[in-house]
Amino acid sequence: MKRGLVVLEEWAPAELRTRIETLQGRLAEQGVEAAAIYGDVHRSGDITYLTNLCIYWNEGLLLVPARGEPTFVTRLSARVHPWMRATSIVTDLRSGPDLAGLVRERLGDPGPGSLGIVERSWWPAPLLRSLAAALPGWQLRDLGPLVRSARLRPSPRELGLLRESATIAGRAWRVGAVPGLGVTERAARVERAARERGVEDVLVRASDSWLEVTTEYRGYWAAVAGGLGARPDPAPLAAAEARLRPGVSRRDLERDGVSLLHHVDLETAGDHRPDEDRDAPLEEGVVVALSAGRPGERVTHTYLVTAGGPERLTETGEGA
Amino acid sequence: MAAHSLDGLFLYAAGWRREYVRYVTGARLGASFALVFLPLSGDPVALVASEEDRRAVEETGWVTDVRPLRPLRLDLPRGLRRVGVAHLELMPEAILAQIEEALPGVELTSATSLVDAVQRVKSPWELEQVRRAARVCEAGWEAFVRALAPGVPEYAVVAAVEHELKRLGAEDNFMLIASGGREVMGMTPPGERRLQVGDLVRTELTPQVNGYWCQICRTAVLGEPDPAQRRSSELFLEALEAGLAAVRAGVTADEVARAENDVFRRHGYGEYCTSRYTRVRGHGHGLHPDETPSIVEGDRTVLEEGSVVIVHPNTYTPLAGYHVLGDPVVVTAGGFEPLLATERKLFQVAP
């Protein structure tokens with residue numbers, strides 16, 4: 001659960017505003033008045049990417065108009081607004097139980113228009129119906145994974161955060177992989193090691209012989225997993241690593257018995273991936289996690305994909 | 001279900017609201033979606049989104065018919081007319097569309113409040129799990145106090161608590177923190193602020209053990225408390241004890257909240273019991289950390305024997321800023337069973 005350090009870095013506001021402006025450019029191209037992005041405590045990566053907001057509990061919507069400032073509407077109490085203003089670039093925050101009503105209030109009464117719904121399939125259906133009822137005459141147009149697509153290839157600044165997340169994940173893995181520890185002590189050491197380095201979230205799965213660590217650092221996810229003995233990487237992972245280059249697709253790698261997750265999909269282990277992701281060729285500069293093996297035993301590393309081959313970002317030393 | 005004219009019931013688990021599916025399957029799930037279909041008579045069917053979740057449900061064995069969520073394949077009984085959906089409010093359009101396609105002509109209606117009501121009263125086995133979580137709660141608070149020292153950043157305090165909770169077997173934890181003086185208006189996730197002598201450091205921490213959550217709210221002072229901090233501590237202790245004194249089977253959530261708030265009103269701090277300064281004066285516990293009822297004035301939900309609630313008069317006052325003090329209890333016929341042995345006081349930490 002997101003209960004680690006939440007901080008707005010000094011450099012972040014300028015970059016976040018650029019991301020908002022880029023999205024606004026896409027909205028203007030598509031002829032929609034605004035985009036709405038849904039998030040909750042389980043999945044909020046798109047909203048964090050655009051604003052640095054942390055939805056540490058409950059749910060909310062980010063409304064990005066084609067022109068002007070974004071608005072966050074949430075079921076969290078208005079008492080958290082000062083903290084959200086201090087840790088994000090959003091200044092217009094609105095709270096209440098009726099999210100659709102808050103959206104209508106924000107849009108005012110400009111007459112019927114078009115509201116872009118980012119990843120409509122994953123929105124709670126009753127909320128969509130409330131929005132339709134609150135905005136009579138408006139078209140609710142599915143924008144698909146518009147924000148996810150923009151997130152796939154990290155900027156240099158983002159790559160730095162991904163590297164740090166991967167470094168923390170690898171270190172925490174090593175702290176937890178000490179032989180002879182019980183399962184709960186193993187998980188405990190990983191939690192402490194990752195959270196003391198300032199992660200916002202860490203997901204740990206451990207057994208007597210295996211450990212998986214997934215970290216979120218400033219909104220950027222990395223994963224590492226492996227057995228606790230000094231075992232070599234399984235052959236499928238080594239083979240997939242050798243093939244991991246721009247142009248290869250997820251389906252290509254799955255034929256070798258390896259799964260691939262973009263860093264943006266680690267938050268929910270790929271549960272929200274669009275179907276077309278499977279055949280999309282990887283671009284140079286994306287960051288992905290490769291896993292080989294069965295659940296509870298798999299070996300995972302996080303990589304930067306370059307034209308010259310993959311750069312492994314997670315290091316575990318002996319073992320995985 | 002029969003009393004609500006339901007021919008069947010879907011229990012939906014979103015990534016952050018898995019309590020209904022866990023209630024029926026006993027399984028610790030990890031995927032972002034899961035469903036259980038419970039017919040009016042016959043065996044339930046679990047629909048899961050990952051291989052790990054399939055194994056988790058099969059290992060507990062409470063539900064033996066486990067199928068993939070996508071594509072949805074249900075051999076539903078004929079003649080279904082009205083089916084409830086618990087957590088319908090959170091169900092993605094992609095999943096609801098599959099259900100509607102599988103059940104043409106069937107009325108789907110929210111059953112969230114129905115299942116909430118069923119889950120409010122805990123079985124003896126469930127109460128044992130909550131008591132186990134309470135022991136972890138106590139240890140978590142002790143770890144919190146041990147971690148407090150001048151110069152320590154808030155997030156390092158949380159790291160120390162997480163270490164202890166996980167060491168003791170907690171699956172998860174919901175935790176908020178706030179450090180500082182009278183300017184503190186509420187609690188949030190941790191920041192980089194470093195503790196200073198004279199700070200009040202507040203937390204609510206809520207470990208989850210074998211599915212069940214239990215919460216503790218306490219405040220500590222780094223160094224000697226000043227007179228206003230002492231006065232604040234006395235006020236919140238009086239309010240907590242008044243709220244607890246009102247708890248017994250048959251009273252309403254409103255009565256408990258009113259007992260707490262009357263203490264603030266009597267001392268001239270009534271305005272700080274409003275939503276401008278606080279959310280609720282307590283709430284239920286169980287497979288979700290914030291179950292119904294909400295203990296607020298106006299909530300007429302009757303507390304039932306065997307339910308679990310935390311009473312916490314947490315709010316801001318100008319005395320010493322935001323202050324938290326709360327204890328979870330099991331509601332009994334004549335009062336309550338306290339779940340925590342942790343002292344109800346302002347904890348003092350030598351700098």
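**Entry 1. Chain A overall**

I looked up the secondary structure of chain A and found 10 helices and 13 strands. Helices here are DSSP runs of H or I with at least four residues, strands are runs of E with at least two, and both are numbered from the N terminus. I note that this is a predicted model, in which local features need pLDDT of at least 70, side-chain atom pairs count only at pLDDT 80 or more, and totals for chains, interfaces and linings use all residues. Residues are numbered from 1 along each chain as its sequence is written, with chains lettered from A and ligands numbered from 1 in the order in which they are written.

I then checked the radius of gyration, which is taken over C-alpha atoms; the globule rule is 2.2 Å times the number of residues to the power 0.38. Chain A has 20 Å, which agrees with the value near 20 Å for a compact globule of 320 residues. Along the principal axes, the C-alpha atoms of chain A fill a box of roughly 65 × 40 × 35 Å.

Of the 320 residues in chain A, 51% are buried. A residue is buried if 20 or more other C-beta atoms lie within 10 Å of its own, exposed if 12 or fewer, and partly exposed in between, with C-beta atoms placed from the backbone. For contacts in chain A between residues at least 6 apart in sequence, I noted that 64% join residues at least 24 apart. A contact means that the C-beta atoms of two residues, placed from the backbone, lie within 7 Å.

**Entry 2. Domains of chain A**

The domain assignment gives chain A domain 1 (12-151) and domain 2 (156-312); such bounds come from an automatic or database domain assignment. Taken over C-alpha atoms, the centres of domain 1 and domain 2 of chain A are 30 Å apart. Their contact takes 12 residues from domain 1 of chain A and 8 residues from domain 2 of chain A. On the domain 1 side, helix 2 (45-51) and helix 6 (146-151) of chain A are the elements that give two or more residues. Helix 2 of chain A gives the most to that side, with 3 residues. By class, I recorded 4 nonpolar, 4 polar and 4 charged residues on the domain 1 side. Ala, Val, Leu, Ile, Met, Phe, Trp, Tyr, Cys and Pro count as nonpolar, Asp, Glu, Lys and Arg as charged, and the others, Gly among them, as polar.

**Entry 3. Strand 3 of chain A**

I next went to strand 3 (residues 71-74) of chain A, where both faces are covered. Thr71(A) and Val73(A) on one side are buried, as are Phe72(A) and Thr74(A) on the other. In a regular strand the side chains alternate between the two faces of the sheet.

Which way do strand 2 (residues 59-65) and strand 3 of chain A run, parallel or antiparallel? They run antiparallel and are joined by 4 bridges; strands pair if DSSP finds at least two bridges between them. These two strands of chain A form a hairpin with 5 residues between them, and Gly68(A) in the turn has a positive phi of about 110°. Strand 3 of chain A is also joined by 4 bridges to strand 4 (residues 92-95) of chain A, and this pair runs parallel. I followed Val73(A) in both directions: Val73(A) is the bridge partner of Leu61(A), and Val73(A) stands opposite Arg94(A) in strand 4 of chain A.

**Entry 4. Chain B**

The C-alpha box of chain B is roughly 70 × 40 × 35 Å along the principal axes. In chain B, 53% of the 351 residues count as buried.

I picked out Thr317(B), in the loop between strand 13 (308-311) and strand 14 (327-331) of chain B. Thr317(B) counts as buried because it has 23 C-beta neighbours inside 10 Å. Leaving out residues up to four places away in sequence, Thr317(B) touches Ser232(B), Tyr269(B), Tyr272(B) and His323(B).

**Entry 5. Between the chains**

The contact of the two chains takes 38 residues from chain A and 40 residues from chain B. On the chain A side, helix 5 (125-134) and helix 8 (183-196) each supply at least two residues. Helix 8 of chain A gives the most, with 8 residues. I recorded 18 nonpolar, 8 polar and 12 charged residues on the side of chain A that touches chain B. The predictor gives the complex an ipTM of 0.95 and a pTM of 0.96.
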